[in-house]
Amino acid sequence: MRNADVFPRYRGNMEYFCLGCGERHGVDELLYTCPSCGGVFMLDNLAFDKLAETSGDEWREVFDERASSRNTALRGIFRFYELMAPVMEEEDIVYLGEGNTPIVEASKHLVAKTGVQFAYKNDGQNPSASFKDRGMACAFSYLKALVRKHGWDEVLTVCASTGDTSAAAALYASYVGKPLKSVVLLPHGKVTPQQLSQPLGSGATVLEVPGVFDDCMKVVEHLAENYRVALLNSKNSWRILGQESYAFEIAQWYNWDVADKCVFVPIGNAGNITAVMGGFLKMFRLGIITALPRVFGVQSHHADPVYRYYSVEDPKEREYKPVKVTPSVAQAAMIGNPVSFPRVKHFAEQFEAIGGRDAFQVLQVTEQQIMDSMIEANMHGHIACTQGGECFAGLKRAIELGLIKEGQSAVLDATAHALKFSGFQDMYFSNTFPPEYGVTPDMSLSNAPELLVDTEAKEKLSPEEFTLTAAKAIADRLGLASK
């Protein structure tokens with residue numbers, strides 16, 4: 001058997017630790033928040049320093065070899081097993097093809113227009129069409145391990161969602177099967193039809209709650225605190241570990257050199273940006289990368305609590321306050337009180353200590369800028385979702401503010417597939433956005449379909465006459481010259 005196919009022997013010693021009071025707990029049970037102070041948990045590998053006995057060069061060689069592994073337990077995010085959740089056995093690993101999503105260089109038009117080299121990492125090419133599959137692969141692998149260890153005969157998995165989380169949770173629960181059952185809570189009327197269809201198609205019990213995501217999250221938190229359920233939102237620390245694979249893949253794609261990279265990540269519940277920073281910091285500690293990239297969080301002006309916090313220049317004057325959200329096209333980012341904000345703060349301080357004050361920054365963009373950027377990107381060969389549009393808008397804002405330095409390039413996070421948000425694209429082209437979004441189409445980007453021969457006229461024509469009439473109308477519309 002090739003080395004690339006051999007499951008690692010290394011096992012870590014993992015504990016939950018609270019970012020609020022520092023209390024620690026074992027990982028034999030599902031825990032989400034600290035029993036003492038209610039703070040959020042991180043997962044800490046007490047045996048992490050043992051990994052430093054292997055050089056950065058050797059780790060790079062290990063991970064590069066595993067890129068060709070035929071072992072499904074090492075094909076996806078667990079290619080980086082030692083860096084993430086090294087307490088699971090091979091039999092517990094759930095693999096549905098997640099991870100290894102492509103990094104696609106921006107089209108020549110977009111590079112020329114912005115003046116900056118950049119690329120999209122298309123996480124919409126994960127199994128349920130969003131980055132949430134990275135976290136779910138890790139969370140469900142951990143659940144499988146707990147079920148095996150404790151002999152549980154029924155586990156109800158539950159999550160609040162604006163769409164992508166529910167799709168991923170339902171997909172992985174349906175694959176693992178008994179004793180897992182999936183329930184998802186969605187804000188009524190705030191999820192696209194495409195996203196609603198996914199958990200339904202995976203057999204989940206779908207329940208709707210009036211209000212927004214934050215209202216659903218409060219209900220889910222109450223359930224997790226008072227009933228035996230497995231919570232799958234980003235309060236689940238195992239999900240954060242799985243999402244670190246995004247950072248590992250970026251580093252590997254660029255041959256482990258990210259010193260000149262600016263990584264743009266949308267901030268919703270703040271789990272993804274937490275994971276991205278955490279992943280880069282782990283690689284830096286082990287010498288796998290020798291410098292950190294810069295990380296830019298991006299928020300819509302309709303849901304921007306993290307931006308507001310970091311917009312205060314003096315750290316001593318900063319005060320975190322949740323905000324009341326208004327409708328946003330970046331639905332996954334429409335969260336006024338991100339659960340993972342303490343984690344962001346935790347890692348941002350480490351980033352700044354190593355890379356300086358500009359190593360981590362948060363930008364605010366408008367709904368108009370998000371939609372214009374999504375449409376522009378996709379009109380030039382990309383498949384960006386609205387959150388991908390948010391990142392592109394963030395890059396433009398960073399350029400406008402003079403934040404991108406000479407020689408630096410950017411990686412933008414397209415968190416989901418564009419098709420999940422086709423309804424917003426339709427509203428853009430037909431100029432039918434509800435007023436509360438504050439979005440009107442840029443006519444230079446407008447691409448609405450045109451009807452050149454109406455139905456009534458077609459009925460009066462023979463098939464041959466209709467073909468000639470339609471062909472002539474199209475030729476005239478396009479300015480085609482006859483042969």
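The second largest cavity has a volume of about 30 Å³. A cavity here is a set of points on a 1 Å grid over the protein atoms alone where a 1.4 Å probe fits but cannot get out, and lining residues have an atom within 4 Å of a point. A volume is the space filled by probe spheres set on the points, which are joined across faces, edges and corners. The model is predicted: local features need pLDDT of at least 70 and side-chain atom pairs pLDDT 80 or more, while totals for chains, interfaces and linings use all residues. Residues are numbered from 1 along each chain as its sequence is written, and side-chain values use heavy atoms, without hydrogens and water.

Phe41, Met42, Leu43, Ser237, Ile240, Leu241 and Arg343 line this second cavity. β3 (41-45) and α8 each supply at least two of its lining residues.

In total, the structure holds two cavities of 30 Å³ or more.

Cysteines were examined next. Zero disulfides (pairs of cysteine sulfur atoms within 2.5 Å) are present. Cys37 is in no disulfide; its nearest cysteine sulfur, that of Cys18, lies 3.3 Å away. Cys37 is partly exposed, at 41% relative accessible area. Buried means under 20%, exposed over 50% and partly exposed in between, with a 1.4 Å probe and protein chains only. Cys385 is buried, at 0%. Its sulfur is 7.9 Å from the closest cysteine sulfur, in Cys391, which is too far for a bond.

Notes. On a 1 Å grid over the protein atoms alone, a cavity is a set of points where a 1.4 Å probe fits but cannot get out, and a pocket is an open set with protein on both sides within 12 Å along at least five of seven lines; lining residues have an atom within 4 Å of a point. Helices (H or I, at least four residues) and strands (E, at least two) are DSSP runs, numbered from the N terminus.
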